Structure formats: C-alpha cells, structure tokens
Amino acid sequence: MEAPTQKYWELRLQSCKAALEKNNFEAFIAQTPAEAGQIVIDQILPEMNVKSVSWGDSLTLYETNVLEFFKKDSEINLIETFDEKASREEIIERRRNALLSDLFFSGTNAVVESGALVNLDMTGNRVGGMVFGPKWVVIMVGRNKIVSDLEQAMDRIKNLAAPANAIRHEQKTPCVKTSYCMDCNSPARICNIWTIHEKSYPKGRIKVILINQDLGL
Ligand code: SF4
C-alpha cells in the first residue's frame, strides 16, 4: 500500500493544480526540483520563442538548476540581477531591464489552495516581473508553501518567510532577533509590497510548477 503521507501529498498537489488551472494558471506537478527544471525544458519552452530570461530571488528556483540551462545557451540574453560583482546602480538597471524579459522565473511565498499566489517584496523587482512585463512567468513552488486561505498565507509570510529571509540576507531588522514580525520601521525592512494573483491574465501567462518536496522559505 502506498504510504499515507505520499498519498496525502499526491491528492493535495492534484487539488492545488486543479484550482490553479481553474484560475487560468498553467500548472504542473514535479516530484523533485530537477524534474521541475526538466518540465521547463521539455514542456514549457517549446511553446515560446525565448530570447531573454531573468528571475526574482528564489531558493526553490536555484534548487531546480534550470538557470544553468540558459547560461549554456549563448543565444539567450540572461539578465543577471544578483551579480555580486556589479554595482548597486548596475543591478537596479538590470532589474529594470528584467521586467521586459521574455521569460521570468520566480518562487512564491505562498499558494492558497483555492489557486492564488501571495507574495511580499522588499523592492518589487520580483513581484513586478510576476505582475506585468515579461511575456511568460514560471513559478517554482515547494509543497510547504500551500496554505488554506489568504489569512494563513499572510501569517506564513510575515511570521516565517519574511523573518527567515531577513536572517538569510543578514538584514538589520528586529525579526532577525525575535524570529517573528515586529512590523518594523527599519530602513532595512524587507516587507513593503504585497501582491495577490487571484488569476493569471492573460490565461496561461503564469505557469506554476508544484514540487512534491518542502523547499525554500
Ligand atoms: S516588517 Fe520588519 S520585522 Fe516584520 S518581518 Fe518585515 S522586516 Fe521583519
């Protein structure tokens, strides 16, 4: 007999996929990050004529290694917006250009099981690409990001994802010391812009790959 938790996640991911599709997202299920990367190459890319690619910061995306595929393709303009060797001014300019890329990758902070994506950004370059500009968006998401409703999504983000991200980036914010949100006024505050994608518009512009593992923050 299939392990109960295996069956549980199979059902939960299928249900989430169906809800996303009802909301005009194109949705896929992968068992591993590597499989998610392969879905991009085998099933998503062939329908596009991609000349430029960029991405928003996402640990889940990095796990898939899909960016390596584009790095090897000299025909693709890969807009690297996290290049530590580039100046801050150069990074901002690249992030502006990234909003006009053909294909934009990102993670998401939460997926509501009714089929919506919820995110909170510091500067907006990540959610900006999800909202408008790039022709296509691919979201990589681990199963641990699935929540029951919007309230749970916001709670997850403010009290887990945001403090953990602040810790990851060694920000000088109070949550780095408390582990939970203090609704700070810090100049380093990473919580500035909320987005809720209730549906993908146009239909199919945003593709979501649900990965059957706990990934990212
Ligand atoms: S608002 Fe401030 S304290 Fe709260 S999670 Fe964001 S950065 Fe941390």
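**Reading a helix and a sheet**

Modeller: In this predicted model, the exposed residues Ile 41 and Asp 42 lie on the face of helix H2 turned away from its buried side.

Biologist: Which residues of H2 are buried?

Modeller: A residue counts as buried if 20 or more other C-beta atoms lie within 10 Å of its own. In H2 the buried residues are Pro 33, Ala 36, Gly 37, Ile 39 and Val 40. Around the axis they cover an arc of only 150°, and therefore they sit on the same side of H2.

Biologist: Against which elements do the buried residues of H2 pack?

Modeller: Their partners are strands E1 (26-30), E7 (136-142) and E10 (206-211), together with helices H3 (59-64) and H4 (66-71).

Biologist: What span should the twelve residues of H2 have?

Modeller: At 1.5 Å a residue, helix H2 (residues 33-44) should span 16 Å. The C-alpha atoms at its ends are 15 Å apart, which agrees.

Biologist: Let us turn to the sheet. In what order do the four strands of the open sheet lie?

Modeller: Strands of a sheet pair through backbone hydrogen bonds, in either a parallel or an antiparallel manner. Here the order is E8-E5-E6-E9, and the pairing is mixed. Strands E8 (146-147) and E9 (193-197) are the edges, since each pairs on one side only.

Biologist: In which sense do E5 and E6 pair?

Modeller: Strand E5 (residues 110-112) and strand E6 (residues 116-121) are antiparallel, with three bridges between them. Val 112 has Ala 116, in E6, as its bridge partner.

Biologist: Which helix packs on the sheet?

Modeller: Helix H7 (residues 150-168) does, touching E5, E6 and E8. The direction of H7 makes about 35° with that of E6.

Methods: Residues are numbered from 1 along each chain as its sequence is written. This is a predicted model: local features need pLDDT of at least 70, side-chain atom pairs count only at pLDDT 80 or more; totals for chains, interfaces and linings use all residues. Helices (H or I, at least four residues) and strands (E, at least two) are DSSP runs, numbered from the N terminus. The expected span of a helix is 1.5 Å times one less than its number of residues. A residue is buried if 20 or more other C-beta atoms lie within 10 Å of its own, exposed if 12 or fewer, and partly exposed in between; C-beta atoms are placed from the backbone. The arc is that of the directions from the helix axis to the C-beta atoms. Two residues are in contact if their C-beta atoms, placed from the backbone, lie within 7 Å. Two strands pair if DSSP finds at least two bridges between them. Axes are lines fitted to C-alpha atoms, for helices over the stretch in contact, and angles run from 0 to 180 degrees between N-to-C directions.
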